[in-house]
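Here is a short note to read beside the model. Please keep the structure open and find each residue as it comes up.

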Amino acid sequence: MLYVNLNGELLDRNNASIDIEDRGYQFGDGVYEVIRVYNGKLFTGNEHLNRLWSSAASIGITIPYTKQELQQQLIELVEKNRLMTGTIYLQFTRGISPRKHPFPGDDVTPTFVAYTKEVGRPTAKLENGVKAMVTEDIRWLRCDIKSLNLLGNLLANQKAAEAGCDEAVLHRDGIVTEGSHSNISIVKDGIIQTHPANNFILNGISRQVMLEICNREGIQVVEEPFSLEALAQADEIFLTGTTVEVMPVVELEAKMIAGGRPGTITQRLQTLFKAEIEKQCGAV
Ligand code: PDD
């Protein structure tokens with residue numbers, strides 16, 4: 001049996017239902033997080049909850065728990081589902097009310113849903129790398145909010161899937177922003193470059209872990225926008241994200257990157273990222 005948390009209550013998944021007038025269902029009016037679980041422990045749980053609070057505040061949703069209360073509920077869900085390696089998906093919508101564009105009154109409370117999924121580490125892809133393609137970033141201008149509205153991401157990701165690629169790299173007028181469901185960095189002459197954390201990208205928690213590792217280890221990194229040309233001429237390309245960790249891109253638009261093998265800096269970051277996971281969650 002798979003348990004879900006619906007508004008603070010642990011229920012059998014088959015007994016959990018959402019009203020058709022939930023604003024998440026009708027408008028995508030809500031925010032979400034995906035948190036990695038290794039060895040039954042949340043990886044960077046606090047950081048994900050901090051981002052959730054800031055996404056919610058950006059669209060005027062008040063989460064009806066303290067961060068500590070929510071974290072406790074997530075831990076209980078993981079324990080109840082005996083999840084060892086996987087993800088927690090959680091979302092808050094603005095709640096249930098007759099379909100009208102303006103926000104409902106304060107009597108309408110947010111709807112909270114969380115559930116878990118078993119997902120192994122993508123070890124073969126981490127070792128061999130993945131393929132990516134490039135497409136226009138047609139999303140809105142508040143990509144820093146982890147909103148339920150993902151159509152721009154989905155359309156791009158579907159193009160990638162149809163091209164036999166794992167990720168779509170997005171660009172606005174020739175400037176690379178991020179992936180459809182990950183952040184992207186390039187390496188040129190030993191220096192890592194990634195888009196600054198502004199409204200054009202989601203400030204990934206894995207991206208932040210990577211930046212902290214670089215600062216600590218003295219690996220040179222700049223947070224500056226880069227062009228499609230710089231992407232094509234990169235020595236190495238890698239993605240960061242909750243489900244992809246530090247993922248080498250070895251083929252871009254059907255052209256080999258770094259000789260078609262994960263580059264040395266990417267591999268070093270993978271090792272250091274894994275060490276960070278193990279520090280928080282034990283051996284993986
Ligand atoms: N996606 N950028 C986008 C657009 C994303 O959707 C994600 C994560 C990231 C990486 O963020 P983080 O390191 O915090 O996971 C960047 C999640 C996993 C998803 O939607 O499934």
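1. Start with the overall layout. The centres of domain 1 and domain 2, taken over C-alpha atoms, are 26 Å apart. Domain 1 covers 3–118 and domain 2 covers 123–281. These bounds come from an automatic or database domain assignment. Where the domains meet, 27 residues of domain 1 and 20 residues of domain 2 take part in the contact. Contact here means heavy atoms within 4.5 Å.

2. A word on the source. This is a predicted model, in which local features need pLDDT of at least 70 and side-chain atom pairs count only at pLDDT 80 or more, while totals for chains, interfaces and linings use all residues. Residues are numbered from 1 along each chain as its sequence is written, and side-chain values use heavy atoms, with hydrogens and water left out.

3. Why does the ligand lie between the two domains? Both domain 1 and domain 2 give residues to the shell around the ligand, so it lies between them. There are 20 residues around the ligand, and Tyr32, Glu178, Ile205, Ser206 and Thr242 come nearest. A residue is near if one of its heavy atoms lies within 4 Å. By class, the shell has 4 nonpolar, 12 polar and 4 charged residues. Nonpolar covers Ala, Val, Leu, Ile, Met, Phe, Trp, Tyr, Cys and Pro; charged covers Asp, Glu, Lys and Arg; the others, Gly among them, are polar.

4. Now the polar atoms at the ligand. A polar side-chain atom of Glu178 lies 2.7 Å from a ligand nitrogen atom. For Arg51, a polar side-chain atom is 2.9 Å from a ligand oxygen atom. Ile205 uses a polar backbone atom, 2.8 Å from an oxygen atom of the ligand. The protein covers 90% of the 470 Å² of accessible area that the ligand has on its own. Areas come from the Shrake-Rupley method with a 1.4 Å probe. Among the elements that give two or more residues to the shell are strand S3 (30–38), helix H2 (45–58) and strand S9 (175–179). Helices (H or I, at least four residues) and strands (E, at least two) are DSSP runs, numbered from the N terminus.

5. Next, Arg139. This residue sits in the loop between strand S7 (130–136) and helix H5 (151–162). Is Arg139 buried or exposed? Arg139 is buried, because its relative accessible area is 10% (buried is under 20%, exposed over 50%, partly exposed in between; 1.4 Å probe, protein chains only). Its side chain makes a polar contact of 2.8 Å with the side chain of Asp137. The Arg139 side chain also reaches the backbone oxygen of Phe200 at 3.4 Å. A polar contact pairs N or O atoms within 3.5 Å; within protein, one must be able to donate a hydrogen and the other to accept it, and residues adjacent in sequence count only if both atoms are side-chain atoms.

6. Pro110 is in the loop between strand S5 (86–93) and strand S6 (111–118). With a relative accessible area of 15%, Pro110 is buried. Arg94 is 16 residues away in sequence, yet 4.6 Å away in space, C-alpha to C-alpha.

7. Last, check two phi values. Most residues other than glycine have a negative phi. Glu245 has a positive phi, near 55°, and Glu253 has one near 50°. Glu245 belongs to strand S15 (residues 245–252) and is buried at 3% relative accessibility. Glu253 lies in the loop between S15 and strand S16 (255–256) and is partly exposed at 42%.
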